[in-house]
Amino acid sequence: MTDDAPLASLRETILARNYIKEKGKVTKKEKQAVIVYCSPSGSTRHISRVAENKLEEMKIPVSMSDLGKREDMSPIFSQIREAKNNVCLFIGSPVYVSHAVPPVMKFISELPENTGAYAVPFVTWGGASSGIALYEMGTALKAKGFRLLGAAKVLALHSMMWQSESPLGESHPDAQDDKMIEEIVAGVMKKLSEKSPKEIALSDLAYQPKQVHAEMEKVTLELAKAHMPQRKVVEELCSKCGVCGEVCPVGAVSFSPFPEFGGNCILCFSCMRECPENAIKADFSPIEARIRARAEKLSERPFTKIFL
Ligand SMILES: Cc1cc2nc3c(=O)[nH]c(=O)nc-3n(C[C@H](O)[C@H](O)[C@H](O)COP(=O)(O)O)c2cc1C
């Protein structure tokens with residue numbers, strides 16, 4: 001007499017791992033990816049697109065959302081809830097004053113809890129310091145029950161130096177940076193099809209020296225606001241076209257009748273960068289000198305790194 005029990009239980013395990021049984025119907029589970037990012041000046045968007053293209057090339061269903069558009073994120077939350085451990089969330093932020101930007105941290109804080117889903121935080125930084133953004137994003141994602149399959153920091157043009165002749169991070173992300181992003185996407189999706197995908201350790205993301213990390217924890221974007229360039233609207237130049245309000249990722253611009261910047265402004269300077277009349281002015285020279293001195297002092301290397 002043969003004993004089919006071990007075979008049956010193996011079959012059950014394979015079924016549970018690769019198929020969903022709902023209302024008597026068996027369908028194959030599909031690995032999928034969700035990319036969410038904030039990118040006032042475009043570098044994080046570029047990295048997100050590289051990831052999206054790689055996922056499409058790998059025939060993995062992917063959806064992508066820009067937090068700067070301030071759309072309803074509940075469909076993404078439902079997708080993550082339903083896809084459970086078949087979905088990986090790639091979540092991207094620029095580094096502002098050593099941290100991830102507020103819209104990204106807010107999005108993470110609103111994610112559904114304990115869905116079994118996986119996540120990959122990634123940041124772009126302007127050559128001064130990638131700070132503790134990845135560590136803080138990773139910590140917040142883990143607190144929501146997400147399992148970290150990877151992370152990445154990518155050097156990018158410093159978004160406060162778009163007027164400078166030799167900005168920090170110039171011509172980055174470059175082809176090599178893009179290649180590393182393709183590599184992490186492929187590596188993460190390979191992990192996702194394994195039985196027990198190996199997570200990265202949160203401690204891997206605490207790569208700043210302890211003292212530096214502790215100082216960065218204390219300095220918030222809010223505190224740094226006082227030292228940031230103050231904007232002035234030149235009323236003779238402003239045509240009240242509204243572009244500054246449209247491009248603001250947090251809806252901080254109001255008009256009466258000229259643009260005014262509210263307290264929730266994240267200092268991305270998109271309003272100034274995108275103004276067709278060049279009517280918003282600010283002097284970046286003092287802050288630029290400080291940023292360059294900081295970059296030299298910290299000398300963070302490597303510029304771009306993937307954690308897999
Ligand atoms: C207000 C502000 C603060 C920034 N702080 C840092 C920083 O602490 N370290 C750094 O290397 N780059 C910093 N940057 C540069 C951005 O991190 C970098 O340019 C990033 O790639 C911008 O992403 P985006 O193009 O997707 O907006 C800062 C930029 C701004 C506007």
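Which domains does the shell around the ligand draw at least three residues from? Both domain 1, which covers 31-212 + 301-307, and domain 2, covering 221-298, supply at least three residues each. Keep in mind that this is a predicted model.

Now the site itself. The ligand takes up the space of the largest pocket. Around the ligand there are 25 residues, and those that come nearest are Ser39, Ser41, Thr44, Val95 and Leu157. By residue type, the shell divides into 12 nonpolar, 12 polar and 1 charged.

In terms of secondary structure, three elements each supply at least two residues of that shell: helix H2 (43-57), strand E5 (87-96) and strand E7 (118-125). Strand E5 gives the most, with 3 residues.

On the side-chain side, Ser39 has an N or O atom 2.5 Å from an oxygen atom of the ligand. The backbone takes part as well: a polar backbone atom of Ala128 is 2.9 Å from an oxygen atom of the ligand, and a polar backbone atom of Ser129 is 2.8 Å from a nitrogen atom of the ligand. As for cover, the ligand on its own has 650 Å² of accessible area, and the protein covers 98% of that.

That leaves the backbone. Most peptide bonds are trans, and most residues other than glycine have a negative phi. Where does this model depart from that?

There is a cis peptide bond between His172 and Pro173, with omega at about -5 degrees. Pro173 lies in the loop that runs between strand E9 (151-155) and helix H6 (175-192). Another cis peptide bond joins Ser256 to Pro257, and here omega is about -15 degrees. Pro257 is in the loop between strand E11 (253-255) and strand E12 (259-261).

On the phi side, Lys84 is not a glycine, yet its phi is positive, at about 50 degrees. Lys84 sits in the loop between helix H3 (74-83) and E5.

Notes. Residues are numbered from 1 along each chain as its sequence is written. This is a predicted model: local features need pLDDT of at least 70, side-chain atom pairs count only at pLDDT 80 or more; totals for chains, interfaces and linings use all residues. Side-chain values use heavy atoms; hydrogens and water are left out. A residue is near a molecule or strand if one of its heavy atoms lies within 4 Å of it. A polar contact is a pair of N or O atoms within 3.5 Å; within protein, one must be able to donate a hydrogen and the other to accept it, and residues adjacent in sequence count only if both atoms are side-chain atoms. Accessible areas come from the Shrake-Rupley method with a 1.4 Å probe; for residues, only the protein chains shown count as cover. On a 1 Å grid over the protein atoms alone, a cavity is a set of points where a 1.4 Å probe fits but cannot get out, and a pocket is an open set with protein on both sides within 12 Å along at least five of seven lines; lining residues have an atom within 4 Å of a point. A molecule sits in a cavity or pocket if more than half of its atoms lie within 2 Å of its grid points. Helices (H or I, at least four residues) and strands (E, at least two) are DSSP runs, numbered from the N terminus. Ala, Val, Leu, Ile, Met, Phe, Trp, Tyr, Cys and Pro count as nonpolar, Asp, Glu, Lys and Arg as charged, and the others, Gly among them, as polar. Domain bounds come from an automatic or database domain assignment.
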